[in-house]
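Subject: Handover of a structure

Dear colleague,

Please find below the structure that I am handing over to you.

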Amino acid sequence: MVKKSADTGNYQPKKLVVEFKPASNAGSADSQVKPLEKLLTKQLHIPVKVVMQTGGNSLESI
């Protein structure tokens, strides 16, 4: 959860987690989203982790 402050214009996240829930085979989808992880890490200058949710309804432990 992000703490609210009077000056939110200077907020810099420490990391980003992107979760995908594939409609089909997660194995092939995983190999397709890993390049996105690298691209976002490079563009945003923060660590990015892309995870595939194959069951359940919540994020994996991060």
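In this predicted model, the side chain of E37 has a polar atom 2.6 Å from the backbone nitrogen of V50. V50 is also one of the residues that E37 touches, together with V48 and K49, when residues up to four places away in sequence are left out of the count. E37 itself belongs to helix α1. With a relative accessible area of 18%, E37 is classed as buried, because the cut-off for that class is under 20%.

The side chain of E37 takes part in a second pairing, a salt bridge with the side chain of K34, at 3.5 Å from N to O. The structure holds 1 salt bridge. Side chains of opposite charge can pair when their charged atoms come close. K34 has a relative accessible area of 31% and is partly exposed, whereas E37 is buried.

A further point concerns the loop between α1 and β2, the latter covering 48-52. H45 lies in this loop. Although H45 is not a glycine, its phi is positive, at about 60°. Is H45 buried or exposed? Its relative accessibility is 70%, so H45 counts as exposed.

Yours sincerely

Terms used
Residues numbered from 1 in each chain as written. Predicted model: local features only at pLDDT ≥ 70, side-chain atom pairs only at ≥ 80, totals over all residues. Heavy atoms only, no water. Salt bridge = Lys/Arg side-chain N within 4 Å of Asp/Glu carboxyl O. Buried < 20%, exposed > 50% of the residue type's maximum accessible area, 1.4 Å probe, protein only. Helix = DSSP H or I, 4+ residues; strand = E, 2+ residues; numbered from the N terminus. Polar contact = N/O pair within 3.5 Å; in protein donor to acceptor, adjacent residues only side chain to side chain. Contact = heavy atoms within 4.5 Å.
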